[in-house]
Amino acid sequence: MLTLQENDPNIISFIAGDFMEGNLDIDLDLLTEEMPILPLRNTVVFPGSSLPIAVGREKSIRLVKSLGKKTKYIGLVCQKDINDENPHEEDLYKVGVIAEVLRVIELSENNFSLIVQAKQRFEWSEMTQSEPFFKAKYEIKESIPADENDKEYDAILGSIRESMIQMLNMLGEPPKELIQTLNSKSFANMLVSYSATNLPIDSKEKQALLNINEEKQRAIELLTILSREMQVLELKMSIQTKTREDLNQQQKEYYLQQQIRTIQEELGGGNTQQIEIDEFKEKAKKKKWSKEVAETFKKEISKLERLNPQSPDYSVQYGYLQTILELPWNEFSKDNFDLDNAQKILDRDHFGMEKVKDRIIEHLAVLKLKGDLKAPIICLHGPPGVGKTSLGKSIAEALNRKYIRASLGGLHDESEIRGHRRTYIGAMPGKIIQNIQKSGSSNPVFVLDEIDKIGSDFKGDPSSALLEVLDPEQNDSFLDNYLSINYDLSKVLFIATANNLNSISQPLLDRMELINVGGYILEEKVEIAKRHLLPKELDNHGIKRSEFTIPKNTLAKIIESYTRESGVRELNKQIAKVLRKVARRIAGKEEYPKSLKIDDLHEYLGVEEYSKDKYQGNEYAGVVTGLAWTSVGGEILLVETSLSRGKGEKLTLTGNLGDVMKESAMLAKEYIQSHAEELEIDPEIFQHWNIHVHVPEGAIPKDGPSAGITMITSLVSAVTQRKVKSNLAMTGEITLRGKVLPVGGIREKILAAKRAGIKEIILCEENRKNVGEIKESYLKGLKFHYVNDIKDVLDIALLKQKVKSPRKFSIPKKKKQ
């Protein structure tokens, strides 16, 4: 059945069964002086049609809901502008059809379907209401029928019938039932209405046909339109046929061209091949390569001249020579030796990172004095999101060099670095040569991203292939398997980035200059967000800087409650999330705060995702605060110890601990047992009381030796019930004889301690040098205790005072023999 929507364009289907062949009379007793009017968009309904109408606009829905048992008829009128969502009376055509509502189907709360039969034409004279829906006064427009003996009218109908059948045949094979219906004499009265409804013409032309009172005149106008549409359709069919013929002609020409090439090859080589070879030779004259490369090129191009262009080897040889020619042999970009300008660029794009910046400026200074220097191999390592990768772009700009980047994450094939030998199908150079080729310079800044995430399998170890690339003593003659020619990489400034140095092989680490890019403290993150992240995201979201800002105190709250990272990547995402909501309000012309307050964060970012790590006091024995390093920076780590009556000699460890951490706990217990008298502990406790050590947040795996002094302090506090010094944290490895060893990640651990409100930190004496390398601003408000022995740790950490309501660990008396 033909479905029309009052709010969508009409989709035409040629089904004659949609038209009635019966009585079109109206029950005048059911008519009222005013009739509900339903506007239709891009749809003109003719008398005789039976169709469903989908109703979705609010005013139309109100009309449908008002229909009762007595309201049988409504007026269907087409609106003039298809895009008008809320038409007024001047936007509606005057002439429409009176339709009988057969059925109302409620598809959903705001979606109805009406089944109607179009009866007779009408013309509304006065719109008596426009709300809640249209109602109008009207008069029925009787059509003037043609004379029964009018032969001309019969001929016009015959032409319309033939044209419609011809059009249907041109569009595809129509159903036989449809052709029979059109040829039926009983359908003659409906033929004009059917044809006018189904013709793919503009609604204005259809409305013009509906306005005509005389049926003969309407048929004449319809035939004129039908003839025009037939001509357009024939023209389209002709174009399609011609297009197919043109395609066949192209195929023919291609076949002839192939034959011409074959004939030329039989006669001694094609002209096209010689032109390509001549172009290669011209390019070779302009290259600044060495005699060795020139000899290799000359030998390889002579091979190309002897090959048949249709041979598979020809395309391989052609690609090889093209690669050699596109490489920037001895072509260098001119370095900018303005040290002040380089410093400004580095400071503009990145906050902090003094070590990296100093190293780049030093390299530039030596290069300026010496004029020639092998580029250093720098490895920036640190947590994610601190700006390691983006620093490469700034360095390239500061040095006035080209910038290229290769992601090594997940790389597990040695050929990705060294290239494939040309004996293999689809062989190509490795990532190093490919990127040098793209850069067009032999001294770019080359970022090797995620070097710690290289894998290895049966295809080889890519990290071993990088040994040659990253060795300043060897990379002046790097040999790619595809090129088979030495290429000088000594002028390339390689910058590798990594999150974890433990997964990088030691030989590879030895070849790189390691620079730690640590996390940021709260104040630094606020400055980075204010200077870099917020302006960048405002530009990305099309918001002017005068329209919206985030104050520093709000940024600090976002950092503390909605991010947990050493870098600023998550912070950037949260700022972008806020700006998306602001952009939506600006676009919708809604009110929004010009300056985001802390109280607005719940509306823009939702509930707080993280609670700030806080020191939990010293009210309980056995609870000690340690410091841990994670891939996203430092964190505080609580160690809890409790004793329970039992057979003794049992140590339970929980909290998803790794083997190294379990060994630290066993070391701590053995040390306490062997030094029980010195620690004023009754050794018999360990024979009658079981010890349980727990590290909270059990879902997170934990490992490493740095919790050694934390565990031994926790055990002694639990056994003696002595209070732990307030606002104290510690980190350090222990040995069985009681020595305290240094640990890593000091900077990140200190930042974690500051975030948690710690005031004092116990470290190994050997870690004093690590603290000395940290900026004074990071150390402000902290007091450090440097120790060499476990006894020093216990003297500092444990108070003589016992906890409130201390437990007493009774020892059963031995029975007399």
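Let's start with Ser 805, which sits in the segment after strand S25 (798-802) of this predicted model. Ser 805 has a positive phi of about 55 degrees, although it is not a glycine. Why does that deserve a second look? Most residues other than glycine have a negative phi. Is Ser 805 buried or exposed? With a relative accessibility of 64%, it counts as exposed, because the cut-off for that word is over 50%.

Now hop over to Gln 721, in the loop between helix H23 (708-720) and strand S19 (722-724). Gln 721 also isn't a glycine, and its phi is positive, near 65 degrees. Its relative accessible area is 7%, so Gln 721 is buried. You'll find another positive phi, near 85 degrees, at Gly 757, which follows helix H24. Helix H24 itself covers residues 746-756 and is mostly covered, with 9 of its 11 residues buried. Among the buried ones are Ile 746, Ile 750 and Leu 751, but also Arg 747, Glu 748 and Lys 749.

While we're on the backbone, here's one more thing to spot. Most peptide bonds are trans. Between Glu 131 and Pro 132, though, the peptide bond is cis, with omega at about 0 degrees. To find it, look in the loop between strand S6 (111-129) and strand S7 (134-140), where Pro 132 has its place.

Next, the inside. In soluble globular proteins, nonpolar side chains tend to be buried together. The largest nonpolar core here has 68 residues, and Leu 76 and Ile 160 touch the most other members. Which element gives this core its largest share? That's helix H2 (residues 151-171), with 8 residues. If you zoom in on Leu 76 and skip residues up to four places away in sequence, you'll see it touching Leu 38, Leu 40, Val 45, Ile 53, Gly 96, Val 97, Ala 99, Val 116 and Phe 122.

Serines can be tucked away too. Ser 203, in helix H5 (residues 203-211), is buried, with a relative accessible area of 8%. Leaving out neighbours within four places in sequence, Ser 203 is in contact with Asn 42, Val 44 and Cys 78. Then there's Ser 664 in helix H21 (residues 659-674), buried with a relative accessible area of 5%. With neighbours within four places again set aside, its contacts are Gly 704, Pro 705, Gly 708, Met 711 and Ile 734.

Finally, let's see how some helices pack. Two packed helices are described by the angle between their axes and the distance between the axes. Take helix H17 (residues 522-540) and helix H19 (residues 569-587): their axes are 10 Å apart, at an angle of about 45 degrees. H17 and H19 are therefore oblique to each other, and H17 passes H19 in a right-handed crossing. Residues making this contact include Ala 529, Leu 533 and Glu 537 of H17, and Leu 571, Ile 575 and Leu 579 of H19. Sorted by class, the contact has 8 nonpolar, 1 polar and 3 charged residues.

H17 has another partner, helix H18 (residues 552-562): the two axes come within 9 Å and cross at roughly 120 degrees. That makes H17 oblique to H18, and the crossing is right-handed. On the H17 side, the contact includes Leu 522, Val 526 and Lys 530, while H18 brings in, among others, Leu 555, Ile 559 and Glu 560. What is the make-up of this contact by class? The residues divide into 6 nonpolar, no polar and 5 charged.

Notes
Residues are numbered from 1 along each chain as its sequence is written. This is a predicted model: local features need pLDDT of at least 70, side-chain atom pairs count only at pLDDT 80 or more; totals for chains, interfaces and linings use all residues. Side-chain values use heavy atoms; hydrogens and water are left out. Helices (H or I, at least four residues) and strands (E, at least two) are DSSP runs, numbered from the N terminus. Buried means under 20% relative accessible area, exposed over 50%, partly exposed in between (1.4 Å probe, protein chains only). Contact means heavy atoms within 4.5 Å. Axes are lines fitted to C-alpha atoms, for helices over the stretch in contact, and angles run from 0 to 180 degrees between N-to-C directions. Angles under 35 degrees count as roughly parallel, over 145 as roughly antiparallel, 65 to 115 as roughly perpendicular and the rest as oblique. A crossing is left-handed if the near helix is turned anticlockwise from the far one by less than a right angle, and right-handed if clockwise. Ala, Val, Leu, Ile, Met, Phe, Trp, Tyr, Cys and Pro count as nonpolar, Asp, Glu, Lys and Arg as charged, and the others, Gly among them, as polar. A nonpolar core is a set of buried Ala, Val, Leu, Ile, Met, Phe, Trp, Tyr and Cys residues joined through side-chain atoms within 4.5 Å.
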